Amino acid sequence: MKKFGIKEFRLCQRGVINAALEGRDIVVVMPTGGGKSLTYQLPAILTSGVTLVISPLLSLISDQVYHMREIDVEAVKQTGSTSKSEQDAINARLGWMVGEGGKKEINLLYCTPEKISKSKRFQGILQRLADVKRLTRIVIDEAHCVSQLGHDFRPDYQKLHILRQLFPKVPIMALSATCPPLVLKDLLKILGLKGTVSGDAADSTSTVYFTSPLYRPNLHYQVLPKPADSNKVFDEMTKWILKEHRNDSGIVYCLSKKDTEKVATELRKRGNIQTGVYHADRTDKEKEDLHGNWQKGKIKVVCATIAFGLGIDKGDVRFVIHHSISKSLDGFYQESGRAGRDGKDSDCILYYRAQDASTLSTMSMTDKDGASKLHAMLTFAQDLKQCRKIQFANYFSHSSNLSITSWSTSDLSAREPCGHCDNCTRPPDSFQWKDVTVEAWQLLKIVEHVHREAGNVTLAQVVELARSTGKGTFAAGGGGGGRKRGRNIGGWGGKEQVELDLDVVCGGKVEMKKEDVETLLVELLLKRYLREQFHSTAYATIAYIQPGECAARLTRFSDKDSLKDLPDGSKIFCGIRTKVKVTKSTTTKKSTKSTAKASGSATTTAKSSKGKG
Ligand code: ADP
Ligand code: MG
Ligand code: ZN
């Protein structure tokens, strides 16, 4: 402990370390910055033999080896960029350890997953170590990367399933900051962790699972409405950064490489903010420069795609802004969680516009379980009532049907509202929990009609139709209409002509603001009243919407009036923003907890969470 310069254990560190010393298979899920490394570093120096640590990034490995050597722990690395002579020296030392030893033993051997899957020689050396019981344990850092269901899947990680076959007797320890139930299940299966086959009873040899509360009280979450006009978005973002974090470091996550460049330019132009750009197409030199300048504070705000991630080791990131939603809630949690690793108050802002749902769904269409992962993200973004902390807790809480011994640090407050997120502090008059059954019925009638008469229709087209004057002949289908805004409806260039008379189809136009119609359409998608159908051309993929499996619950009614008698449970409710108020930072009022609890919104939150849980 002294060696590591720490006074006491944090979260479940003690338990993990004890289980490691017992030689159990272990899964550890602890938030970023929680102190996962110590849970294998300490056992590694307390037991003889080598601990093999597999980590995804060279920079992470180099960092750790450097820190370990500083405190006199024998740590070495084997990666693609290790020189031949260095490799030979390490292999020779490992060879001695197989024999009688004598020379300085290696405690920690770091490597990349490629090294395991690609180097037979390395495998052979490890095998000989294992044969003489000198391979003490195998640690897999960022273990969620093994699962295709996770947000950061890496094919080389999946190949780590061979570890159990090669070294059946060596305990495995898997570490991650984000591991929702399905990913956990997949991970247990892929890595072949002990006693995790369903039906097995948990016993004294089966895998031990540790979780710590994911909630980080210093992170203040807010979802802000994203204006349709992109210039307005840049204006607001600039204003917010200058007001709340003028001289602070931050990250703006964007969907595309193009967006990162655009956002960086606009923030600089509007607010003279020192921005940098990071995405996969930047050269190694550019990336390195950016990291350096960001550490030094020469660059304040990094505008990046999600390629900017794992290697970040900067504690004082005061804000993370999402210019668009992420593909999944785990991704969003992880990305926004790069704020405030030093424990100080930080802001996590999500700009959300329902129409981004279409763009994202075409992007994640080919991902495994892409739709359900995106739906979790959309559900979070659309929810104006339930505390963000509770939403995360519900999403990440692990399903109880896994037969593994499970420990979590006591977190009796997991289902208590945080008191300082946007939903806990939302002024009651800024939003309305509205019965929108009639509007939902109208939209479904329109979708049903156009779908039947003409085939394909996009979300954006339905929005325009719903708010149009309502009578005429329209062309539907074809490409492009979903992306370009403000087009003449007659000019879609589709194949089929549709006769549409809103009075006949759905009793008149839909009386709602454009953004609210978009929000309601997404709500109907999430509730399966609508569904998406993808159409790929040589140039792009377009998401069309169609009546979903639940549509008939409403469309079976032939007129608005019959909806009045529906029981509450069959009605559709939706949170509608009544007053768009721009961003008040929560960091300035730290003792928000008690105030918000006293206010009405926190009470509602508590109630609704009970209903769901
Ligand atoms: P993780 O891998 O979970 O994101 P790290 O292992 O990198 O986190 O640890 C984050 C920081 O916390 C490191 O600087 C580490 O030295 C520190 N740390 C870990 N455990 C403790 C502890 N028990 N007390 C104080 N600091 C700790
Ligand atoms: Mg770590
Ligand atoms: Zn809250």
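User: A crossing of two helices is left-handed if the near helix is turned anticlockwise from the far one by less than a right angle, and right-handed if clockwise. Which handedness has the crossing of α18 and α19?

Analyst: The model is a predicted one. Helix α18 covers residues 437-454 and helix α19 residues 459-466, and their axes come within 10 Å, crossing at roughly 115°. The crossing of α18 and α19 is right-handed.

User: How many charged residues are in the contact of α18 with α19?

Analyst: On α18 the contact is made by Gln442, Leu443, Ile446 and Val447, and on α19 by Val462, Leu465 and Ala466. By class, this contact has 6 nonpolar residues and 1 polar. The number of charged residues in the contact of α18 with α19 is none.

User: Are α15 and α21 parallel or oblique to each other?

Analyst: The axes of α15 (residues 370-382) and α21 (residues 514-526) come within 10 Å and cross at roughly 135°. An angle has to be over 145 degrees to count as roughly antiparallel, and 65 to 115 counts as roughly perpendicular. The two helices, whose crossing is left-handed, are therefore oblique.

User: How many polar residues does the contact of α15 with α21 hold?

Analyst: Helix α15 contributes His375, Leu378, Thr379 and Gln382, while α21 contributes Thr519, Val522, Glu523 and Leu526. Of these residues, 3 are nonpolar and 1 is charged. The polar residues number 4.

User: Which elements give two or more residues to the side of domain 2 that touches domain 3?

Analyst: Domain 2 spans 219-426, and domain 3 is made of 433-477 + 497-577. Their C-alpha centres lie 31 Å apart, and 15 residues of domain 2 are in contact with 18 residues of domain 3. The side of domain 2 has 6 nonpolar, 7 polar and 2 charged residues. The elements giving two or more residues to this side are α14 (356-363) and α15.

User: Why is one side of β8 and of β10 left without a neighbour in the sheet?

Analyst: The open sheet has 6 strands with parallel pairing, in the order β8-β13-β12-β9-β11-β10. Neighbouring strands are turned by 20° against each other on average, direction ignored. β8 (219-225) and β10 (275-278) stand at the edges, so one side of each lacks a neighbour because each has a single partner strand.

How values were computed. Residues are numbered from 1 along each chain as its sequence is written. Chains are lettered from A and ligands numbered from 1 in the order in which they are written. This is a predicted model: local features need pLDDT of at least 70, side-chain atom pairs count only at pLDDT 80 or more; totals for chains, interfaces and linings use all residues. Axes are lines fitted to C-alpha atoms, for helices over the stretch in contact, and angles run from 0 to 180 degrees between N-to-C directions. Helices (H or I, at least four residues) and strands (E, at least two) are DSSP runs, numbered from the N terminus. Angles under 35 degrees count as roughly parallel, over 145 as roughly antiparallel, 65 to 115 as roughly perpendicular and the rest as oblique. Two residues are in contact if their C-beta atoms, placed from the backbone, lie within 7 Å. Ala, Val, Leu, Ile, Met, Phe, Trp, Tyr, Cys and Pro count as nonpolar, Asp, Glu, Lys and Arg as charged, and the others, Gly among them, as polar. Domain bounds come from an automatic or database domain assignment. Two strands pair if DSSP finds at least two bridges between them.
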